[in-house]
Amino acid sequence: MSVLTRDEAQLRAEILDVHRYTVELDLTTGDETFDSRTAIRFTARSDGDTFVELKPAELHSVTLDGQPLDPESLTGNRLPLKNLAAGEHELRVHAAMRYSRTGEGMHRFTDPSDGETYVYTQLFMDDVQRVFAAFDQPDLKAVFDVSVKAPEGWTVLANGVTTRRADGVWQAAPTPLISTYLVAVAAGPWHSVRTEHRGLPFGIHCRRSLAPHLDTDADEILTITRACFDRYHEKFEEPYPFDSYDQAFVPEFNAGAMENPGLVTFRDEFVYRSAVTDTERQTRAMVIAHEMAHMWFGDLVTLKWWDDIWLNESFAEYMGYQTTAEATRFTGPWTEFAVTRKAWGYDADQRPTTHPVAPDNVPDTASALLNFDGISYAKGASALRQLAAWLGEKDFLAGINTHFARHKFANATLADFIDSLASATDRDVHAWADSWLRTTGVDTLTPAVTAADGTCALTVDRTGSRPHRLGAGLYDRDIADEGRLVLRERIDLDIPRTAPQPIGKRPALVLLNDGDITYAKIRFDTASFETLRTGLSGLPDPLTRAVVWNALRDAVRDGELPPAAYLETARAHLPRETDLAVAQGVLAFAAGQLAGQYLAPADRPAALATLTSLCRDLLRRTEDGDHPGLRLIAVRHLIDVAAHAEPIATWLADDTVPGGPELDQELRWRILARLAVLGATDEAAIAAELAGDPSATGQEGAARCRAALPDPEAKRAAWEAMFAGDDLSNYLFTATAQGFWQPEQAELVRPYIPRFYADVAAVAARRGPAIAVAAGRWCFPAHAVDAENLRLGEECLRAGDLTPALRRTLADRLDDLARALRVRGVRTAE
């Protein structure tokens with residue numbers, strides 16, 4: 001299949017003006033394929049040749065202006081349109097299209113809980129051609145008129161309001177001008193909760209087996225939706241541009257969510273069937289806010305080409321967190337952003353595969369897909385947060401509203417956006433964009449405190465080139481409580497600045513980027529670091545503590561702080577942590593990267609023992625029931641780091657955790673997975689658990705457990721399922737991969753390390769980008785931190801027969817492996 005290049009897209013956009021798609025889908029033709037009929041009305045501005053994209057199971061017929069074209073002329077995914085004359089045209093295409101099991105195109109899912117079937121589209125980037133014929137590029141916007149024939153008892157959702165006609169076909173209202181990748185259909189026997197807000201129909205939808213769980217949270221989800229909707233109308237002068245707002249929670253979704261106009265699709269793990277923390281509910285709220293922001297950033301005004309993907313994702317990320325903080329009951333979105341999203345951005349930006357937030361040139365769609373990473377989301381959002389602080393909120397929003405007014409229902413570029421911002425301020429926004437959006441890497445900021453004549457001054461050393469506006473927190477020890485730190489003053493700094501900043505007497509702690517407004521790695525002077533060793537948990541603000549924990553994490557990854565020292569700090573301070581995002585983030589890093597990669601295998605048992613002790617302290621602290629979220633986090637991690645079957649096997653047998661929380665299905669599968677790793681369960685127990693929970697989540701849990709069993713036959717079966725056949729859906733593939741590699745089973749799985757590099761290219765090429773990313777991420781033997789694994793991986797990269805998605809994912813994983821070797825003190829070849 002050919003990928004679309006930027007040059008091809010530009011040429012086609014010069015030739016064509018696309019007006020309207022009439023799309024007729026028939027979902028009643030069987031389990032493998034569906035019927036797709038498309039009529040495209042367009043204008044050719046001049047005589048010439050072009051092509052339309054299509055990936056059919058079978059191409060039945062094609063006509064151009066009533067004249068038949070040869071279906072055999074389809075080459076790969078391109079149907080040539082030769083000798084077009086200038087003027088109006090109508091192209092009609094009739095094809096059978098394949099359903100997907102990988103979350104791409106038209107994904108089909110049968111719920112094992114009740115046998116009901118659901119389908120939904122995910123057409124992002126270039127997958128519309130898996131569903132209907134299209135001129136598939138974002139700057140050829142058109143009106144879409146979609147109708148769907150569906151089985152009796154199904155409901156069809158789409159970008160616009162749908163109605164069931166007398167002939168049983170569902171008709172969607174025609175859309176405004178939108179891009180091809182934003183067309184959406186979701187069909188099945190949905191359970192729906194409907195309401196209205198500000199005169200528009202709102203709805204939330206899920207598969208029927210999740211109905212009780214959606215109903216439990218419906219008020220919360222709709223309250224957040226309404227609050228965000230109202231807040232965006234306070235920020236933006238352009239009103240919501242579509243006729244309805246549906247949110248469908250769909251199965252086996254590859255992303256967190258997708259911003260289809262009028263029909264946002266979410267992964268249905270957001271319909272919680274087991275206990276979750278309030279931070280996880282906050283994350284769901286943020287995703288709701290993020291996708292709604294896309295209705296303006298991405299849907300109303302759309303990028304012209306994929307080099308400006310940050311104009312979609314960075315803005316939605318920034319607005320999602322900011323609006324959640326402003327409009328909902330959740331008070332800690334930016335703390336969670338600091339702990340999880342910024343770490344994602346920092347990691348991505350220090351790899352060889354880094355790229356600017358706004359790259360100069362993205363040559364084709366395959367390259368563009370690689371840029372949906374921590375840079376386009378977290379770094380871009382951080383840059384925008386810095387921009388809002390630098391411009392001021394008033395001028396920032398004025399520039400955004402100018403941008404909407406100039407480019408609504410059209411396409412825009414980085415240059416267009418910067419011009420809109422520049423119209424609202426006298427600051428040099430173009431220079432800011434060059435510094436922040438056109439460069440790569442993470443700056444490092446280090447404080448220096450000098451004393452003279454009884455007073456101190458602060459200077460900041462910067463490694464890097466960006467200007468930064470940030471706060472520096474000056475903290476003193478509380479006279480009445482030595483373990484507590486008190487903010488004396490937070491001073492505003494503009495970096496670089498040449499003059500030392502007077503700060504009075506020497507603070508116990510100088511914390512740069514207090515408030516986390518900028519994007520940079522932070523270091524500590526010697527005295528401040530000594531203060532943190534005993535006083536970290538005494539910092540009063542969770543966002544401040546998150547900045548510190550991020551700095552310690554970065555220091556470990558850079559080889560400046562021993563992993564054991566991080567563990568000691570966690571052991572000392574995390575039992576007193578109150579913020580759920582901070583506690584979860586520190587435990588995840590300690591149990592994952594530290595114990596799993598950065599520490600030598602001989603040191604892993606001691607690390608797990610330390611984490612077990614830490615989690616038990618958290619359990620003791622939460623016995624009074626006042627901190628259920630913190631207790632749930634402690635229980636989850638106590639299960640994950642268990643070195644012995646007890647006490648978690650007793651919890652499973654007794655169906656209870658002493659003192660709570662309730663041992664719900666998520667915790668039961670979590671325990672069983674750990675017992676499988678430890679060799680303390682068997683296939684019979686897994687089958688019995690699956691019989692009690694035959695849901696899709698149960699199927700994934702069973703696949704994960706079976707792959708984790710320390711048994712040669714279990715490993716062989718898991719490997720064959722992943723690499724020899726194509727029966728596993730995207731979610732079952734990932735679950736199997738998650739179970740397969742275990743540090744405790746290093747010798748058992750050692751023969752599979754070279755097999756991974758031998759087998760992964762074929763499955764990626766055969767099954768497409770979604771499975772390629774899953775294979776590169778989850779099937780990678782990350783536990784094997786040794787030079788031989790690195791050598792094999794580098795040879796694989798040099799082989800040259802990898803798909804772009806797999807190549808990028810493997811390159812990132814190998815860079816993480818090389819970093820882990822450096823942290824361990826093992827030299828790697830440059």
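**Stop one: a helix and its cover**

Select α16 and colour its buried residues: Gly 629, Leu 630, Arg 631, Leu 632, Ile 633, Ala 634, Val 635, Arg 636, His 637, Leu 638 and Ile 639. Buried means under 20% relative accessible area, exposed over 50%, and partly exposed in between, with a 1.4 Å probe and protein chains only. The model is predicted: local features need pLDDT of at least 70, side-chain atom pairs count only at pLDDT 80 or more, and totals for chains, interfaces and linings use all residues. Numbering starts from 1 along each chain as its sequence is written, and side-chain values use heavy atoms, with hydrogens and water left out.

In total, 11 of the 13 residues of α16 are buried. The helix covers residues 628–640 and reaches 18 Å from first to last C-alpha; the expected span is 1.5 Å times one less than the number of residues, here 18 Å. Helices (H or I, at least four residues) and strands (E, at least two) are DSSP runs, numbered from the N terminus.

Next, show what covers the buried residues, including α3 (278–294), α14 (580–598), α15 (604–621), α17 (648–654) and α18 (665–677). Contact means heavy atoms within 4.5 Å.

**Stop two: the sheet**

Select the open sheet of eight strands, ordered β5-β4-β7-β2-β1-β10-β13-β12 with mixed pairing. Two strands pair if DSSP finds at least two bridges between them. The edge strands, β5 (67–69) and β12 (162–164), each pair on one side only.

Zoom in on β10 (143–149) and β13 (169–172), which are antiparallel over three bridges. Val 148 lies opposite Trp 170 of β13.
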